[in-house]
Amino acid sequence: MAIKKIGILTSGGDSPGMNACVVSVARIANHYGMPLVGIKRGYNGLIEMNDHDIETFTESELLDIADLPGTYLRTARCKPFYDPEVRKQAAKNLNDNDFEALIVIGGDGSFNGAMLLADLGIPCVCIPGTIDNDLGYTEKTLGYDTAVNVSTNAVRSIRATSRSHDRPHIVQVMGRRSGDIALKTAMATGAELLIVPEREWSIEDTAERFINLIKRGNNRATLIIGEHCWHQMKPFDWISVLRENGIAVHDDEEMDVDKLAKVLKYLCKAEIRATTVGYTQRGATPSSSDCSFAFATAEEAVNLIRSGRSNVAIGQKHGSVYNLPIEDALNIRHKFNHASFELINKL
Ligand code: ADP
């Protein structure tokens, strides 16, 4: 088997498990005598490929970063990469520097970039790295499990103080346009209310649900809300509710989770509070599930490159790692579990 020099980069939003994946690829590639070179800051590192864009890992460095959260290679969005001329330069740099394949760890945007690079003759292999779990072709993405664990632990802590004070609480979690983190967190914690970007919702219905729960004796219910749900909120004059209760609001102010808590507080006559879990989900130490998935995808990636296969995305289906052309992977839409969503809001 000919020795192949491989490049690897992390792109888009970081996710727990990216380092574990890079380290696993490095260890496995090294086992087969294939040199691995890290490219820094996503696609930015391909554009000029100066020394500071390149990371050649020593064993000691790999040992140091194996358990680290974040991504040691750094990640970034790279606007110039949308320009075909820039991508041609990137492909030329990879060819001039004898790279025989490129592994891209990222989300659907990064996969699109890899597919276009593959069109220029660069063999690419994509590994799903995103906490959002918004890639339809795969049951798992690096970081999703960790992100759900972080938000689950956050809700458990919040519920302890909710219990102490008999106070309902709203917890905002990440996930961009996908409600999976919110749904899984609600399922894991027994949250009574759930709002996700996939579904329209209303402040009145939410208030009614809180009021009914309080009447039932549950005065410490938890509402989990995804971060990008505001476009799905039905029109409601919440500004008047705040003003009637002495809170100054500009006419053009946008709704957010703190204001939602205040509006619901007045509508439900309950001390409802809000917490945003935020970036702690992205920067957490990866779970064993994410790290073992990192190893499995790394193994698949190196094996594919060794056997001359490329321009594929790696994922998990029916519990096993598999691969398919990047384009096919991107064409499979992510399915949200509407049945569980509806049940949670009724229990
Ligand atoms: P993610 O990979 O997490 O979905 P983005 O959507 O921000 O994150 O994409 C990451 C990067 O991938 C972009 O900054 C850009 O460099 C590259 N990229 C995304 N879409 C395209 C595209 N259509 N053409 C070329 N490059 C793209």
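## Aromatic pairs

Rings of Phe, Tyr and Trp, taking the six-membered ring of Trp, pair if their centres lie within 6.5 Å. The model is predicted. It holds five aromatic pairs.

One of them joins tyrosine 137 and tyrosine 322. The pair is tilted, with 6.5 Å centre to centre and 50 degrees between the planes. Tyrosine 137 sits in the loop between β5 (124-128) and α6 (144-165). Tyrosine 322 belongs to strand β11 (residues 320-325). The pair therefore ties together parts that are 185 residues apart in sequence. Tyrosine 137 is buried, at 4% relative accessibility. Tyrosine 322 is buried too, with a relative accessible area of 17%.

## The tryptophan pair

Tryptophan 201 and tryptophan 230 form an edge-to-face pair. The centres are 5.9 Å apart, and the planes make an angle of 65 degrees. Planes over 60 degrees apart count as edge-to-face, and this pair has 65 degrees.

Tryptophan 201 lies in the loop between β7 (193-195) and α8 (203-215). Tryptophan 230 lies in the loop between β8 (222-226) and α9 (238-244). So the pair links parts that are 29 residues apart in sequence. Tryptophan 201 is buried, with a relative accessible area of 6%. Tryptophan 230 counts as partly exposed, at 21% relative accessibility.

## Cluster and charges over rings

Phe111, Tyr137 and Tyr322 form one aromatic cluster.

Two lysines sit over phenylalanine rings. Lysine 5 lies over the face of phenylalanine 99, at 4.5 Å from the ring centre. The charged end of lysine 140 sits over the ring of phenylalanine 293, 5.8 Å from its centre.

Notes
Residues numbered from 1 in each chain as written. Predicted model: local features only at pLDDT ≥ 70, side-chain atom pairs only at ≥ 80, totals over all residues. Heavy atoms only, no water. Phe/Tyr/Trp six-rings, centres within 6.5 Å; stacked < 30°, edge-to-face > 60°. Helix = DSSP H or I, 4+ residues; strand = E, 2+ residues; numbered from the N terminus. Buried < 20%, exposed > 50% of the residue type's maximum accessible area, 1.4 Å probe, protein only. Lys NZ or Arg CZ within 6 Å of the ring centre and 35° of its normal.
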